[in-house]
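Please look through the sequence and the structure shown here before reading the report that follows.

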Amino acid sequence: MNKILEFIEYVEQIKEESLSLFLDKILIKLRKATESEAGTIYILRKKRKTWLEPVSIQNDKMPLSHSGFNIDINGPAIASYVAVSGKYVLIDDVYTLQNDLPYRFNPSYDQESGYKSKSVMAFPLSTFEGKTIGVVQLINRRLKGVKSPIPFESGQLKFISAVNHIIGRAIERIDAHEKMALKKKELEKKNRLLEKQRKIITEQQQETEQAFKISIELLAKAAELHDEVTGNHIVRVNEYSYVLAQEYGMPKEFCDEIRYCAQLHDVGKMSVNSAILKKQQQLNPEERAEMNLHTYYGYKILIQSDRLKMAADIAYCHHEKWDGTGYPRHLKGNEIPLSARIVQLADIYDALRSERPYKKGYTHTEAMDILLKGDDRIDPKGHFDSDLLKILERCHEKFNYIWIALTDK
Ligand SMILES: [Fe+2]
């Protein structure tokens, strides 16, 4: 009884370690208790087929040259019979088995290793519910001083019966723990893979985004070639617009968008007759009407892309005026998209600062004076959004910094 209690205590104190390590310890204990020279513990595995996997193999007389064979549960092996029937088997000599028995001894391990099996004790490992989860096969009971192996005794099975379920419960616990750890590992691996793919997609998106921005910069530059306005004008208009949008309190997405859309405001000039664009003298009414159409042409070019909806609005509406005296549609006040009202102010500030064949470039103070107080061409109250004008008055120095930083050499 002491031997049984001691064994149970031993099993209970084993913590969650690997199943094979646990079964190695159990097999040593079982062999010691039954005086067996060798043994194997098989665990029942089930996928599409069911088989017995040798998880622990020990042999005091032979160095183990291989990790054993998986055994088909439906085969004739002793362990298969024990697993299927749930019965104990005691064999005095495996080489003298009767032919009418429901199992047979497979001599291939002996033949390969040169070992000689004789007496065998095999029994199933079961859970508390009586479900078989493995098989223990002990080989060659050998007493000290006795030369050849002797048979196991049925009395030894009492010990086995007493401790069997304890082992079964521990196997279930460790096996479940191992499976969970394996699943966790697989999940971590999947997560790492997902993270890697996410990173690649982000990089690709960034590359696409960069390519998109380069394309519209090139489009804006191509449009400039038809116009008298060249140099950094479009880059500066981007930056003034960005500052105004930020100061107006618009969300980051709006500010980022206007920063690349603003430069496309005059893209429609590509469709205007270049003789009109380059004419130094005043345009006649027909020529003026054709020139004014650059807003509509720009809109038609840009509206084709979902990403350029704001740019299309800007192109169409950047010559509209707050009081409805602008073109091409004479929109009034808030009918004019905010993006276009912003770019209008940015565009005019930059035009005032720039030198043209017919005019000098104004200083920042002069330009601000015209925008805030007006002149013979500009009527701030009638032309601009008064809120934007107030913002410009507040942050006008930033406009001057942009002009200086991006001035044409
Ligand atoms: Fe324009």
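## Terms and overall layout

Helices, which are DSSP runs of H or I with at least four residues, and strands, which are runs of E with at least two, are numbered from the N terminus. The model described here is predicted.

The protein is divided into domain 1, covering residues 2-182, and domain 2, covering residues 202-405. Taken over C-alpha atoms, the centres of domain 1 and domain 2 are separated by 86 Å.

Most residues other than glycine have a negative phi, and most peptide bonds are trans.

## A positive phi at Glu35

Glu35 is placed in the loop between helix H2 (19-34) and strand S1 (36-46). The phi of Glu35 is near 60 degrees, which is a positive value in a residue other than glycine. Is Glu35 buried, exposed or partly exposed? Glu35 has 17 C-beta neighbours inside 10 Å, so it counts as partly exposed.

## Helix H6 against helix H15

The axes of helix H6 (residues 233-248) and helix H15 (residues 386-405) come within 9 Å and cross at roughly 140 degrees, and H6 and H15 are therefore oblique to each other. The crossing of these two helices, H6 and H15, is right-handed.

On the H6 side, the residues that meet H15 include Arg236, Tyr240, Val243 and Leu244, while those on the H15 side include Leu388, Ile391, Phe399 and Trp403. Divided by class, the residues of the contact of H6 with H15 are 11 nonpolar, no polar and five charged.

## Helix H12 against helix H13

H12 also packs with helix H13 (residues 364-373), at an angle of about 135 degrees and with their axes 9 Å apart. H12 and H13 are therefore oblique to each other, and their crossing is right-handed.

The contact is made by Ile348, Tyr349, Leu352 and Arg353 of H12 together with Ala367, Ile370 and Leu371 of H13. By class, the contact of H12 with H13 has six nonpolar residues, no polar residues and one charged residue.

Conventions
Residues numbered from 1 in each chain as written. Predicted model: local features only at pLDDT ≥ 70, side-chain atom pairs only at ≥ 80, totals over all residues. Buried ≥ 20, exposed ≤ 12 C-beta atoms within 10 Å, placed from the backbone. Domains from an automatic or database assignment. Axes fitted to C-alpha atoms, helices over the stretch in contact; angles between N-to-C directions. Parallel < 35°, antiparallel > 145°, perpendicular 65-115°, else oblique. Left-handed = near helix turned anticlockwise from the far one by under 90°. Contact = placed C-beta atoms within 7 Å. Nonpolar A, V, L, I, M, F, W, Y, C, P; charged D, E, K, R; others polar.
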